[in-house]
Amino acid sequence: MLKEKVCIVTGGAQGIGRCIVETFAAEGAKKVYACDMNIDAMADYKERFSTVEAVSLNVCDRDAISAFVEKVKAEDGKIDVLVNNAGITRDGLLDRMSEKDWDMVIDVNLKGVFNMTQFVSPIMIENGAGSIITMSSVVGTDGNIGQTNYAATKAGVIAMTKSWAKEFSRKGAQVRANCVAPGFIKTPMTADLPEKVIAYMESKTPLGHMGEAEDIAQGVLFLASDRARFITGQVLKVDGGLVI
Ligand code: NAI
């Protein structure tokens, strides 16, 4: 589904991002840049995939992003797909949430998405085509106890995405921007949640269980591919029906 596509996936070392990288490679992408601060966790990519390149990149480092995007442009001449997947949590009830934890989550989950998209989108617009997929969350539409900072970022990326869907197509460019909003997915991010919380969330989910990274990767793959060529400005919930 991704033949000839040059793709960038942030947070590509583990969890959902890793699964997206592997899915894109299996779907025949010409090149997949797996970008993450944790370069050691991506050591296996080189041996397993000739089309995957691991890149040490912090989505908060604008100079590094600029240099990386210039390099991709010089080497590949285009960028077809950007997946803004890198994200962190620093949960806490509002009265106990430190300013540091607020700032950190905003920096990575919201400004990181702004940073990546600001450097990548001009190349897509110049080429007249592209697909940007940003990882939101059901928390971004419905909120969650203890996640003031995280929920703000996941709602923020939806508003950014809708703005980009309007902005990037102004000169007739087929540059699409969409979000995927996962429900509760088994990854290292959710590995430490108490059994009690997991059981409660599963009981609230019509399909009765947590999702797998693969479930999210398939939604992202669809939006990245030309099969979704008339879809822009949308939020695809992949949550087993948790939020209806
Ligand atoms: P994860 O914690 O397993 O993986 C996140 C990856 O992002 C890690 O490899 C980490 O090194 C990388 N990362 C963190 N900060 C970075 C930075 N500044 N620059 C570059 N890379 C950075 O998380 P998971 O579960 O795979 O989540 C992926 C995305 O999906 C996140 O945006 C998360 O908010 C979102 N999501 C996850 C849900 C879940 O249930 N796991 C539910 C809803 C949304």
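In the predicted model, the shell around the ligand comprises 15 nonpolar, eleven polar and two charged residues. The ligand is surrounded by 28 residues, the closest of which are Ile 16, Asp 36, Asn 85, Tyr 150 and Thr 187. Two helices, α1 (15-26) and α6 (148-167), each contribute at least two residues to this shell.

An N or O atom in the side chain of Asp 36 lies 2.6 Å from a ligand oxygen atom. For Gln 14, a polar side-chain atom is found 2.8 Å from an oxygen atom of the ligand. At Ile 16, by contrast, it is a backbone N or O atom that lies 2.8 Å from a ligand oxygen.

The protein contains eight helices and seven strands. Its radius of gyration is 17 Å, close to the 18 Å given by the globule rule for 244 residues, so the protein is as compact as a globular protein of that length. Along the principal axes, the C-alpha atoms fill a box of roughly 50 × 40 × 35 Å.

Of the 244 residues in the protein, 50% are buried. Among contacts with a separation of 6 or more, 73% are made by residues 24 or more positions apart. The protein exposes about 11800 Å², of which 53% is supplied by carbon and sulfur atoms.

Note on methods: Residues numbered from 1 in each chain as written. Predicted model: local features only at pLDDT ≥ 70, side-chain atom pairs only at ≥ 80, totals over all residues. Heavy atoms only, no water. Near = heavy atom within 4 Å. Polar contact = N/O pair within 3.5 Å; in protein donor to acceptor, adjacent residues only side chain to side chain. Helix = DSSP H or I, 4+ residues; strand = E, 2+ residues; numbered from the N terminus. Nonpolar A, V, L, I, M, F, W, Y, C, P; charged D, E, K, R; others polar. Rg over C-alpha atoms; globule rule 2.2 N^0.38 Å. Buried < 20%, exposed > 50% of the residue type's maximum accessible area, 1.4 Å probe, protein only. Contact = heavy atoms within 4.5 Å. Areas by Shrake-Rupley, 256 points an atom, 1.4 Å probe, with all protein chains shown as cover.
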